[in-house]
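Me: I would like to learn how to read a few features of a protein model. Could we go through them one at a time?

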Amino acid sequence: MSEKLYTVGKIVNTHGIRGELKIVPETHFPDERFAKGSKLVFVHPEQGTQLPVTVEAAREQKNMFIIKFQGFTNINEVEKYKGWLLKVEEQYLSELPEDEYYYHEIIGCTIVTEEGEELGAISEILSPGANDVWVVKRPAGKPLLLPYIDDVVLNVDINEKKVTVRLMEGLLDL
C-alpha cells in the first residue's frame, strides 16, 4: 500500500463470540471513523502486516467501541488481531476546520515560546475534559502539560512542525 496510514484506534480484545472487537479510539472523530461502511486497515504493531477491513457495525461502550467488521463471524477469526492497530488511509481523512488538527499532525511538533525558547516536542495528546492537553517531552525534567486553549497556543505551523505558545503563570514548574 502506498497510501500513508494514520492510527485511529487499537484492538484491545475480542467481544462476545460473533467476531466483534473492542477498540480503544485514538481519534477525535470516532463516530465518523467507525461508521458503517468505513474502510480501515488492521496493522500488526511490529511486523507491519496489513489487512484492509470494512466496518459492518459499531457501538460505543465505556470509552471504547465494539466493532464488527465485514467477513468475520466468530471469535476464532478475530482473536489473532488483539494488540493490532486500526488505521485509516490518508485518502479517507476529511478536511478539518481551521484551528483543528489530526493527532499525527501535532505529535512530534516542536514547542517554542513567543520569546523563541525551545521547550521540547509534543509526545502525546490527552483528552481529559473540556479541552485537549498536549504533553511536551522536555530535554530534562518532567513533561510539560499544555492546555490546548487560545491563551496558551498562539500559532500552529503544521508544515514547519512548530507550535508557538505563551506560558501562563504556573505552567512551567522547573
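**Rings and pockets**

Reply: Start with one residue of this predicted model: phenylalanine 72 has a relative accessibility of 12%, so it counts as buried, the limit being under 20%.

Me: Which residue is buried along with phenylalanine 72?

Reply: Tyrosine 81 is buried as well. Phenylalanine 72 and tyrosine 81 also form an aromatic pair.

Me: How is a pair of aromatic rings described?

Reply: Two values are used, the distance of the centres and the angle of the planes. For phenylalanine 72 and tyrosine 81, the centres are 5.9 Å apart and the planes stand at 70°, an edge-to-face pair.

Me: How many aromatic pairs does the structure hold?

Reply: There are seven. One of them joins phenylalanine 42 and phenylalanine 72; its ring centres are 6.2 Å apart and its planes are at 20°, under 30 degrees, so this pair is stacked.

Me: Where in the chain do phenylalanine 42 and phenylalanine 72 sit?

Reply: Phenylalanine 42 is in strand β3 (residues 39-43), while phenylalanine 72 is in the loop between β5 (64-69) and α2 (75-78). They are 30 residues apart, and the pair links distant parts of the chain. Phenylalanine 42 has a relative accessible area of 0% and is buried. Ring pairs also build a cluster from Phe42, Phe69, Phe72, Tyr81 and Trp84.

Me: What about empty space?

Reply: The general idea is to roll a probe the size of a water molecule over the atoms, which shows where empty space is left. Here the largest pocket has a volume of about 570 Å³. It is lined by 27 residues, and those closest to its centre are Pro25, Glu26, Thr27, His28 and Tyr103.

Me: Which kinds of residue make up the lining of the largest pocket?

Reply: The lining has 16 nonpolar, six polar and five charged residues.

Me: Why does the largest pocket lie between domain 1 and domain 2?

Reply: Because domain 1 (5-92) and domain 2 (103-165) both give residues to its lining. The C-alpha centres of these domains lie 29 Å apart.

Me: What is the volume of the second largest pocket, and which residues are closest to its centre?

Reply: Its volume is about 200 Å³. Of its 14 lining residues, His28, Glu100, Tyr101, Asp132 and Tyr148 are the closest to the centre. By class, the lining has eight nonpolar, three polar and three charged residues. His28 is also listed among the residues closest to the centre of the largest pocket.

Terms used:
Residues are numbered from 1 along each chain as its sequence is written. This is a predicted model: local features need pLDDT of at least 70, side-chain atom pairs count only at pLDDT 80 or more; totals for chains, interfaces and linings use all residues. Side-chain values use heavy atoms; hydrogens and water are left out. Rings of Phe, Tyr and Trp (its six-membered ring) pair if their centres lie within 6.5 Å; planes under 30 degrees apart count as stacked, over 60 as edge-to-face and the rest as tilted. Helices (H or I, at least four residues) and strands (E, at least two) are DSSP runs, numbered from the N terminus. Buried means under 20% relative accessible area, exposed over 50%, partly exposed in between (1.4 Å probe, protein chains only). Domain bounds come from an automatic or database domain assignment. On a 1 Å grid over the protein atoms alone, a cavity is a set of points where a 1.4 Å probe fits but cannot get out, and a pocket is an open set with protein on both sides within 12 Å along at least five of seven lines; lining residues have an atom within 4 Å of a point. Grid points are joined across faces, edges and corners, and a volume is the space filled by probe spheres set on the points. Ala, Val, Leu, Ile, Met, Phe, Trp, Tyr, Cys and Pro count as nonpolar, Asp, Glu, Lys and Arg as charged, and the others, Gly among them, as polar.
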